[in-house]
Amino acid sequence: MNPVRFLIVFLLIVLIIPKEVFATFDMSIEGNYKTIDFGAMELGEEKKLVERGGYEHQFNFTSDNGRTWYFKAQILRPFTSMTYTIPPENFQWIVEELINGQGILSASVSKPAPFSKTPVLIYTSAGTDEAGTEVQIRLKYRLKIPENQTAGAYTAHIRFIMVEEL
Amino acid sequence: MRNKIFRYFISITLIYFLSNPICNAEEATVDVFASVVVLRAFDINIDNSYLDFGQVESGESVTLKEGAYYNEIKCISNKGFTYYVKIHIIDEIIGPTGSKIPASSFKWRVLSANGSGTVVSEWQEFSREPVLVYTSSAEDETGNEVIIRFQYRLNLPPRAMGGHYSLRVAYMLTEEE
């Protein structure tokens, strides 16, 4: 082949063909709300956020890579107000429902599991999860205020991760 | 020359595809922020608010529940500020036909306190002005319940008039020194 022609073909393949052709790997959170607001709570009080029809957030996952993927949660900053912190284990996630998924939940439905500073596994994909079928996971959240917690406005930062590495 | 160029493009192609995400582990993230307001607690409770010395003779000294505590107060504050527990009598000790017993005849003492603050542990005379019982520590101010247990003693003056005497005692939780 003429080197010039070869170069043109090469550039067409590498630069013009969109990446979407290769694979889909996507996670989205339903709606635009990316907040969890527990409102006002008293010492020792426990509250579950289930305000939106039995769940608080719905995560949608799509992957057609043919490889196992994992859904994890990590608390980057626990509930903090000035120098005061609510222990991360007092903040928990609960799987309310798994839709279309053929994989494995790491905690039973409706069973609370604590957030952690290191990513904790929520779901492991299997079967059609890895062939483009959209999987939906609905979560709700639980928070317990310790009996000895300084008053104030606390905020926390959580990260949800869809990843192909365990 | 052609072979050299061909090899060159093969190398670039391999490098491209090996570095392409299709060959690497993919990752997607969503960040969420959470909030809560922990409400303020500032409260004091007493388990037994009736101090009954029974029948006491003139000149006699009586301690309620000698060797043990008579009543306890429970204090809670999570405001993060120093608080003080104080005690005082509201009125004078009034008896029959307006006769009085000096407030100094009536004493209190802290038998124990489970907080890590500063406690006044010696026998103290009551007064109408609030006197300090306990000063909180930083640990107490995060909502830890502090329990303070009291003893009470009455030294009836030798020539006190016979009859029924009564008074009111106030226990205060305050942030003012």
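Biologist: Which residue of β1(B) is the bridge partner of His157(A)?

Modeller: Happy to start there! This is a predicted model, and in it the partner of His157(A) is Phe33(B).

Biologist: What makes β12(A) and β1(B) a pair of strands?

Modeller: Two strands count as paired if there are at least two bridges between them. Here 12 bridges join β12(A) to β1(B), residues 27-38 of chain B, and the two run antiparallel. They are therefore called a pair, given the cut-off of at least two bridges.

Biologist: How many residues does each chain give to the contact?

Modeller: Chain A gives 43 residues and chain B gives 29 residues. On the side of chain A that touches chain B, the elements giving two or more residues are α1 (3-16), β1 (25-29), β2 (35-41) and β12 (152-163) of chain A. The largest share of that side, 12 residues, is from β12(A). By kind, the residues of that side of chain A are 26 nonpolar, nine polar and eight charged.

Biologist: What does β1(A) pair with inside chain A?

Modeller: Its partner is β4(A), residues 57-63, in the antiparallel sense over five bridges. Within that pairing, Asp26(A) stands opposite Thr62(A). β4(A) also pairs with β11(A), residues 135-144, antiparallel and over five bridges. There, Phe59(A) is found opposite Ile137(A).

Biologist: Now for chain B. How many helices and strands are there in chain B?

Modeller: Chain B has one helix and 13 strands. Of the 177 residues of chain B, 18% count as buried.

Biologist: Why is Leu111(B) called partly exposed?

Modeller: A residue is buried with 20 or more other C-beta atoms within 10 Å of its own, and exposed with 12 or fewer. Leu111(B) has 16 other C-beta atoms within 10 Å, so it falls in between and is called partly exposed.

Biologist: Where does Leu111(B) lie, and which residues does Leu111(B) touch?

Modeller: Leu111(B) is part of strand β8 of chain B, residues 106-113. Leaving out residues up to four places away in sequence, Leu111(B) touches Tyr69(B), Arg149(B), Phe150(B) and Gln151(B).

Biologist: Which residue is the bridge partner of Arg149(B)?

Modeller: That is Glu72(B), with Arg149(B) in β12(B). Five bridges join β4(B) to β12(B), residues 146-155, and these strands run antiparallel. β4(B), residues 71-77, is also joined by five bridges to β2(B), residues 42-46, again antiparallel. In that pairing, Asn45(B) has Lys74(B) as its bridge partner.

Biologist: What makes β9 and β13 of chain B edge strands?

Modeller: The open sheet of four strands has the order β9-β11-β5-β13 in chain B, with antiparallel pairing. β9 (118-119) and β13 (169-174) each pair on one side only, and they are the edge strands.

Biologist: And how do you know that β9(B) and β11(B) pair?

Modeller: The cut-off is at least two bridges. β9(B) and β11(B), residues 131-135, have two bridges in the antiparallel sense, so they meet that cut-off. Across this pairing, Val119(B) stands opposite Tyr134(B).

Technical notes
Residues are numbered from 1 along each chain as its sequence is written. Chains are lettered from A and ligands numbered from 1 in the order in which they are written. This is a predicted model: local features need pLDDT of at least 70, side-chain atom pairs count only at pLDDT 80 or more; totals for chains, interfaces and linings use all residues. Two residues are in contact if their C-beta atoms, placed from the backbone, lie within 7 Å. Ala, Val, Leu, Ile, Met, Phe, Trp, Tyr, Cys and Pro count as nonpolar, Asp, Glu, Lys and Arg as charged, and the others, Gly among them, as polar.
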